[in-house]
Amino acid sequence: MKRLFSILSSLLLMSGIGAQNRFPKPDFESGYQYPDIQHALPNEQLWLYVDIFMLVALMSFVAWAILKKRTRKPIIWVSVISVAYFGFFRSGCVCSIGSVQNVSLALVGHTYILPVSVLLFFILPILFAFLFGRVFCAGVCPFGAIQELVNIKNYRLSRSVTSVLSIIPWVYLIFAVLYAVTRSSFIICRFDPFIGFFRLGGDFGLILFGALLLLASVFTGRPFCRFICPYAPLLSLFSRVAIWKVQITKQKCINCELCHNACPVDAIRPPYENKVKEQRLQGVKRLLMYFVVLPFMMVALAFIMRYASDDLSRAHKEVRLYDMVQKQEADPQDKITLELESFFGQGGKISELKQKVNVIQQDYKRYSTIAGALMGLVIGLMLIKLSIKRSRKEYEIEHADCVDCGKCFSYCPQNSICKSVLLK
Amino acid sequence: MNNDNNLKNSPLQRRKFLKVVGMTVAGGSILAVAGVLSTKTGTKEAGHLWQIDPAKCTQCGRCETDCVLSVSAVKCFHANKVCGYCDLCGGYYRSNVKDLNTAAENLMCPTGAIQRKFVEDPYFEYAIDEDLCNGCGKCVKGCTSFGNGSLYLQIQRDLCKDCNECAIAKVCPSDAITLVPLDQAYNLKG
């Protein structure tokens with residue numbers, strides 16, 4: 001037995017790895033027929049069309065319910081359908097949140113071909129946000145929907161906490177794009193907290209994180225959407241200037257505060273009288289000063305990110321491999337990692353790897369500088385926004401934050417008057 | 001008088017102006033991005049299915065552990081036309097077995113997914129029970145090292161979730177997993 005194997009292994013050494021037909025094709029005398037093996041067919045591409053259709057249909061339905069009917073009931077149904085279809089049935093891939101990465105890779109990468117379905121998943125919610133506000137967030141996005149469905153009570157977080165936390169989505173978005181354009185990793189897909197639920201299994205840490213987020217969303221509205229989701233900043237940019245904006249009521253606001261208390265994402269701003277009386281010219285001067293300071297902030301962060309780019313580049317597989325190779329060269333070990341094994345096994349050349357890594361690190365230097373500048377811009381604008389106080393006479397929706405969930409409609413007494421008049 | 005009127009109206013006018021500017025910029029950017037991106041799309045040639053290239057695969061065993069599914073979508077395929085139908089199969093038996101029988105401790109497959117059927121002396125037919133296979137690649141390693149390489153790993157297309165980024169491809173030491181077009185859904189041998 002052992003001898004046979006040793007003969008075989010010596011054969012292997014002679015013939016080299018990957019050689020085929022060490023044993024000749026058998027001559028069957030019994031009339032043996034080769035079995036016909038059928039492999040499972042790829043998943044039907046039809047589903048991609050169904051996905052797009054569902055996306056458009058659900059978003060239009062939400063837009064109709066929000067703008068025309070002013071009611072929340074259809075949105076609950078949309079949420080249930082979305083969690084069932086996009087979540088559990090389609091397992092959450094492709095989703096609009098992750099499509100940001102494919103799109104940014106397609107914008108810079110010359111070789112990457114963007115699937116049409118991914119492009120549509122990226123652009124349609126943005127288009128709808130520009131037309132009707134964030135109807136995608138309302139219940140079409142399975143992540144928003146699942147949080148909305150478990151939400152029971154709304155404990156309001158203080159404005160300072162939410163302001164600080166609302167920077168996270170931007171930073172997350174910038175990092176996701178940085179890692180996507182350098183072809184390192186799709187971090188949005190990798191650290192997706194809810195995908196484990198939809199697939200009924202996955203990384204324990206992420207499922208735990210998802211469970212904590214869901215638990216938090218029982219007590220406060222949509223923590224993921226507000227403080228993590230990297231697609232939300234893009235949508236809020238467009239919903240800020242939406243053509244048809246959601247209104248709580250067509251009647252006059254009576255400042256009763258009920259909608260404000262009902263809003264899960266704290267998007268309804270109470271009336272506010274600006275106590276600081278500032279001359280208009282003075283205010284303009286102050287703002288101009290901020291905008292002079294802003295570039296400095298951008299440059300500073302750009303430098304920090306550029307400085308950190310070599311460390312950031314370790315997210316790339318090849319860079320890590322190069323580190324390993326160098327370590328191995330400096331201090332040869334008998335037991336080597338799988339990566340090194342296959343690198344040396346395939347006859348990889350260190351000089352070629354080094355060239356590749358140099359290109360990657362150059363890319364990282366360039367893109368992380370841009371990313372740093374963008375981060376500076378975002379944080380700077382956020383600070384400037386905080387310094388602007390605007391007087392409001394009545395409750396107003398902040399359209400950038402509003403997710404069109406429709407909870408405020410039924411709370412507004414003016415709305416119910418309107419309805420009861422109609423009923424009579 | 002006129003000037004005074006203008007001042008009174010100015011905040012509203014300004015806001016209206018800003019709104020129009022914002023809307024134009026937003027609408028324009030959507031059109032621009034959609035336009036640029038539509039030149040980068042392709043339906044036919046776009047690869048959006050993950051598949052293993054058996055020529056590159058080193059059977060490291062990460063396919064079993066790193067798939068997002070609890071039982072990996074990677075399965076062992078068997079090309080009968082490449083197989084030597086050996087009795088002493090490097091993919092079926094472990095190396096250095098004492099007695100050549102089908103007791104579990106002698107078998108390579110940890111889940112007993114390889115079915116062996118006597119054909120005629122001295123040939124045996126091997127088949128993979130894909131429901132049992134966990135994609136560990138132990139048999140593939142045995143077959144590639146000692147046999148004809150008729151066993152190889154492939155991603156079972158109906159199980160694969162078509163993740164945006166394949167978790168196994170991320171850790172594959174030999175970059176064997178790449179996106180392939182739909183009509184090349186499998187890299188079949190034989």
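Me: Over which residues of chain A does pLDDT stay under 50?
Reply: Residues 1-19 of chain A, where the model has 12 contacts beyond four places in sequence. pLDDT is the predictor's confidence in each residue, from 0 to 100, and two residues are in contact if their C-beta atoms, placed from the backbone, lie within 7 Å. This is a predicted model: local features need pLDDT of at least 70, side-chain atom pairs count only at pLDDT 80 or more, and totals for chains, interfaces and linings use all residues. Residues are numbered from 1 along each chain as its sequence is written, while chains are lettered from A and ligands numbered from 1 in the order in which they are written.

Me: Which element of chain A has the lowest mean pLDDT?
Reply: Helix α1 (residues 2-15) of chain A, at 43, whereas helix α9 (residues 167-181) of chain A has the highest, 95. Where pLDDT is low, the predicted coordinates should not be read in detail.

Me: And what is the mean pLDDT of chain A?
Reply: The mean is 87, with 93% of the residues of chain A at 70 or more.

Me: How many helices and strands in chain A?
Reply: There are 22 helices and two strands. These are DSSP runs numbered from the N terminus: helices are H or I, at least four residues, and strands are E, at least two.

Me: Which helix there is mostly covered?
Reply: Helix α14 (residues 232-240) of chain A, with eight of its nine residues buried. Among them are L234(A), L235(A) and F238(A). A residue is buried if 20 or more other C-beta atoms lie within 10 Å of its own, exposed if 12 or fewer, and partly exposed in between, with C-beta atoms placed from the backbone.

Me: Is A267(A) buried or exposed?
Reply: A267(A) is buried, because 24 other C-beta atoms lie within 10 Å. A267(A) sits in the loop between α15 (258-262) and β1 (268-269) of chain A.

Me: What does A267(A) touch?
Reply: Leaving out residues up to four places away in sequence, A267(A) touches I397(A), E398(A), D401(A) and C402(A).

Me: Changing topic: how many residues of chain B are in contact with chain A?
Reply: 57 residues of chain B, against 57 residues of chain A. The largest share of the chain B side, 10 residues, comes from α1(B).

Me: How do the residues on that side of chain B divide?
Reply: Into 25 nonpolar, 21 polar and 11 charged. Ala, Val, Leu, Ile, Met, Phe, Trp, Tyr, Cys and Pro count as nonpolar, Asp, Glu, Lys and Arg as charged, and the others, Gly among them, as polar.
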